[in-house]
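Some labels in a structure description rest on a value and a cut-off.

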Amino acid sequence: MNKPLRRIAIFCGLLVLALLIRDNWIQYVQADELRTNKNNRRVTIERYASPRGNIIVGGKSITGSAESSGSDFKFKRTYKDGAMWAPVTGYASQAFGASQLENLEDGILTGNDDRLFFRNTLDMLTGKKQQGGNVVTTLNAAAQKAAYNGLKRQGGKGAVAALDPSTGKILALASYPSYDPSSFAGNSTSKDGGAWSKLQKKNNPNDPMLNRALRETYPPGSTFKVVTAAAALEDGLYTSADAKTDSPDPWTMTGTNTELPNEGNIPCKNATLRVALQYSCNTVFGKIGADLGNDKMLDMAKKFGFDEEHFTPVRANASVFSDDMNPSQTALSSIGQFNTAATPLQMAMVASAVANDGKLMKPYMVDELQSPGLDPIAKTDPEELSQPLSPENAQILQSMMETVVDKGTGSNAKIDGVKVGGKTGTAQHGVDNSENPYAWFISYAKGDDGSSPVAVAVVVEDDNAVRDDISGGGLAAPIARNVMEAVIDSKK
């Protein structure tokens, strides 16, 4: 072979080699990346080629699938009581993607999860179409209904989170106003696109797609005094609910000439911890925060879960208790103001830890993942997150919270024949407290055997209410009572 032909042959060989390398690179190295690329329409076509598996509450599906027309997507998602369950399910839309459980457990729901490989291989051999598995939640349908309807009747904005203190199971997760995921579950038609657009915050100031139970942080107001009381007991600053505290009234905040006021004419001078929580004395708990100092207060807040995101598996924003504060700022933060901010889930965690004799369990909402044949694939086991309080101090704090309901500001949470502990909060809001405050209530209920089946946090924000009518005991406590009753009744 002469020299020019040899060069051409070598060049052609190199081209073939490059083609083989590129082909193998695409088929084996980039295969997963290309298969899952959001711009690969085949991915979405495959996702909606068969009915999705379902999200289950109390043995019943709260989701479904329906055939869609005029599209290469064969099935679209449907929802039962979609607005009530949206903070749990999220949405699965042919046009706008997926969120929350619909997104996080998409592999199980579509049947594409690697854990379903053996099942899918059998289906392939038998000619059966691929099916999605199910996501079994921890939610209590009656509690969720009580929470959502309570917020809806209130008519403003707000959220509810309810937990099983002994396990961390989320029993209710409601947010209002809400949205129906079915309204934009289809392809990008003008109707679905219009429904999506109307729900966006820029077009709807009520922001119905915001999951207020997990993603909104509010000043917790006086409900945070439960954390401050826990810090005082654990530090040994006070060792009894009924010993008098060193708390002048009025009290001038450390390092300032500013007095910290109490609300109304209430017995706060040197009050016991029990009386201070019963009447919600700012002077007592503000001074406790200043006496303990920023570091000790921050340490207790972190033990309850503050300053950390929580994954349920849906992400919950981190609640905030600041560091590097001076004594007066620490005092204000210790009564749930200044920079302190919490999600409803976080404050439900506070109540649940107290109810569970000081042990805080990790909150979760997925109990089990199932194959299409209902075989269990994965099961969530309860997990201890921390121990903010000793059992002895937790029981002291329980007795204080129960006094709040029996004789104090939380009387609207009373349930006949049931021991209820709680704490109200009316949190200042806006520059110089210019906007309507937030109404809070946290609580737990005890059974006859002393166990606590439910802990609840409720926050209500009502821009249209008369300011003087806003209180945690008046607006939030009745909702919490109804949620607790629903859980108790469901266990009978």
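The questions and answers that follow concern this predicted model.

Q: What does the secondary structure of the chain come to, and how much of the chain counts as buried?
A: The chain has 18 helices and 20 strands. Of its 492 residues, 53% count as buried. Among contacts between residues at least 6 apart in sequence, 68% join residues at least 24 apart.

Q: Why does Ser50 count as buried?
A: Buried means under 20% relative accessible area. Ser50 has 17% relative accessibility, so Ser50 counts as buried. Ser50 lies in the loop between α3 (41–47) and β1. Leaving aside residues up to four places away in sequence, Ser50 touches Phe75 and Gln130.

Q: What makes Tyr179 and Phe184 a stacked aromatic pair?
A: A search of the whole structure finds eleven aromatic pairs. In the pair of Tyr179 and Phe184, the distance is 6.0 Å centre to centre and the angle is 25° between the planes. Ring centres must lie within 6.5 Å to pair, and planes under 30 degrees apart count as stacked. Tyr179 and Phe184 therefore form a stacked pair. Both Tyr179 and Phe184 are buried. Tyr179 and Phe184 also belong to one aromatic cluster with Tyr91, Phe96 and Trp196.

Q: How do you know that Phe224 and Phe321 are stacked, and which parts of the chain does the pair link?
A: Phe224 and Phe321 lie 5.5 Å centre to centre, with 10° between the planes. With limits of 6.5 Å for pairing and 30 degrees for stacking, the pair therefore counts as stacked. The pair links distant parts of the chain, 97 residues apart. Phe224 is in the loop between α10 (212–215) and α11 (225–235), and Phe321 is in the loop between β13 (315–316) and α15 (327–333). Phe224 and Phe321 are both buried.

Q: Why is α4 called roughly perpendicular to α8?
A: Helix α4 (residues 82–89) and helix α8 (residues 141–154) pack at an angle of about 110°, and their axes are 10 Å apart. Angles from 65 to 115 degrees count as roughly perpendicular, so α4 is roughly perpendicular to α8. The crossing of α4 and α8 is right-handed. On the α4 side, Ala83, Met84, Trp85 and Val88 make the contact; on the α8 side, Ala141, Gln144, Lys145 and Tyr148 do.

Q: What makes α11 roughly perpendicular to α14?
A: The axes of α11 and helix α14 (residues 294–303) cross at roughly 110° and come within 9 Å. The range for roughly perpendicular is 65 to 115 degrees, so the term applies to α11 and α14. α11 passes α14 in a right-handed crossing. Residues of α11 in the contact include Val227, Thr228 and Ala230, and those of α14 include Lys296, Met297 and Met300.

Q: Why is one side of β2 and of β16 left without a neighbour in the sheet?
A: The sheet is open and has five strands in the order β2-β1-β7-β15-β16, with mixed pairing. β2 (60–61) and β16 (376–379) stand at the edges and each has a single partner strand, so one side of each lacks a neighbour in the sheet.

Q: How do you know that β1 and β2 pair?
A: At least two bridges are required for two strands to pair. Strand β1 (residues 55–57) and β2 have two bridges, in the antiparallel sense, and therefore count as paired. Ile56 stands opposite Ser61 in β2.

Technical notes:
Residues are numbered from 1 along each chain as its sequence is written. This is a predicted model: local features need pLDDT of at least 70, side-chain atom pairs count only at pLDDT 80 or more; totals for chains, interfaces and linings use all residues. Side-chain values use heavy atoms; hydrogens and water are left out. Rings of Phe, Tyr and Trp (its six-membered ring) pair if their centres lie within 6.5 Å; planes under 30 degrees apart count as stacked, over 60 as edge-to-face and the rest as tilted. Buried means under 20% relative accessible area, exposed over 50%, partly exposed in between (1.4 Å probe, protein chains only). Helices (H or I, at least four residues) and strands (E, at least two) are DSSP runs, numbered from the N terminus. Axes are lines fitted to C-alpha atoms, for helices over the stretch in contact, and angles run from 0 to 180 degrees between N-to-C directions. Angles under 35 degrees count as roughly parallel, over 145 as roughly antiparallel, 65 to 115 as roughly perpendicular and the rest as oblique. A crossing is left-handed if the near helix is turned anticlockwise from the far one by less than a right angle, and right-handed if clockwise. Contact means heavy atoms within 4.5 Å.
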